[in-house]
Every structure is written in structure tokens, then in C-alpha cells.
Amino acid sequence: MNTPNIRYYAKMVYSTPKGASTPRFTIAEQAGYYPAMDQLKGREGQISMYLTEKLKEGDRVPSMRLQAKNSLNFTGLKEYFINGKLSGYAYGYPDDRKTYSKKNVPNPFYECREDGYLFLVHQNEKEPGSMKPTSIELIVIEGGKVLIAAYCKQLQMGGFNDILQALREQAAKSV
């Protein structure tokens, strides 16, 4: 499998305010440019997402999802859990509808609907078995939607290790 074109990388760190029940993750480092992400910036100029459980029942609905500003479902996290345990990896893709919600809000990711998302989920090493990650890394693969499950397997087998290291170094310098 050829190395795909990576459009964007972000490291989201756990940033849930004390007393809040829904885990929040804020982008602390990023590399590349993904124009639709600009639409997710909050009042402080930061991008935060909430890790929430699925709303609908069914085998095809991922058990977890990332929800962004204005209740935008950024993506479902497929394979987030495997056999009831946090897998450490997940994949997803943008909603392919022009609008979302009952208010028909324009979907900022509609133009990117063929892209795919890979996630590397880091668990709290001090709390083995914790379902609360300390950070989540996002890799956006241009046009990767159709092969994203295979790319996730490649990520799990170390196929993105060198690329990830370069992205992490680039992102650390951009902050």
C-alpha cells in the first residue's frame, strides 16, 4: 500500500474542566493545514472536541464520537473499542451531507467528505484500563475515506511510525 497524502495532523490533549462529566480534548499541536478546522475555533481561538458515547443504537453506529463546536459530529470513532477494551486506534471520516442538525447548518467538512481520519488514542498509564484517554492524535488522509479501515490496520502495525514521528516534530515546532 502506498503512503497516502496526509493533509493535516493534530494532537488533542485532555482539557476537561474540573467538575465536567464529558471528556474534552483541545488541539495543542498541529501540522499541515485543513481549512475546515478553522470553523471549529472557539472564543479563545482554540479547537476543542468532546468525546461522547453514541446516541443511536445499531451495529453500524460507532460506540464513540468526537463532537465539535455547534454540536457538529466531527466523526464517529470506529474500532475505538475492541472486545470491550480501548483499542488505542480508531478511524472515521467527515459527514457527507451538505448540512447538519435540524437547523440545516452548513457542514464545514462537506468539501472534504472523501477524506479519512486516523486516530491514535493514548491511555493514562497511571490508570490501566481507564476509558479516559490523556491525548488523541489525528491524521487526516486526503481522499482516504474508502481505504481508511485498511490505513487503520497499517497504523496499528507500525506502518505510519516514521511519518508520525516527522509530523510530531513538525507540529511541536509550529506551536
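Reader: Which residue of strand 3 stands opposite F25?

Author: In this predicted model, F25 stands opposite M49 in strand 3, where strands are DSSP runs of E of at least two residues and helices are runs of H or I of at least four, both numbered from the N terminus. Residues are numbered from 1 along each chain as its sequence is written. Because the model is predicted, local features need pLDDT of at least 70 and side-chain atom pairs count only at pLDDT 80 or more, while totals for chains, interfaces and linings use all residues, and side-chain values use heavy atoms, with hydrogens and water left out.

Reader: What makes strand 2 and strand 3 a pair?

Author: Two strands pair if DSSP finds at least two bridges between them; strand 2 and strand 3 are joined antiparallel over 3 bridges, so by that definition they are a pair. Strand 3 is also joined to strand 4 (residues 64-68) by 4 bridges, again antiparallel, and there Y50 stands opposite Q67.

Reader: What lines the second largest pocket?

Author: Its lining consists of R24, T26, L40, G42, E44, Q46, S48, Y50, A68 and K69, and strand 2 (24-32) and strand 3 (48-53) each supply at least two of the lining residues. A pocket is an open set of points on a 1 Å grid where a 1.4 Å probe fits, with protein on both sides within 12 Å along at least five of seven lines, and lining residues have an atom within 4 Å of a point. The space in this pocket is about 190 Å³.

Reader: Why does the radius of gyration agree with a compact globule?

Author: The rule is 2.2 Å times the number of residues to the power 0.38, with the radius taken over C-alpha atoms; for 175 residues a compact globule would be near 16 Å, and the protein chain has 15 Å, which agrees.

Key:
Grid points are joined across faces, edges and corners, and a volume is the space filled by probe spheres set on the points.
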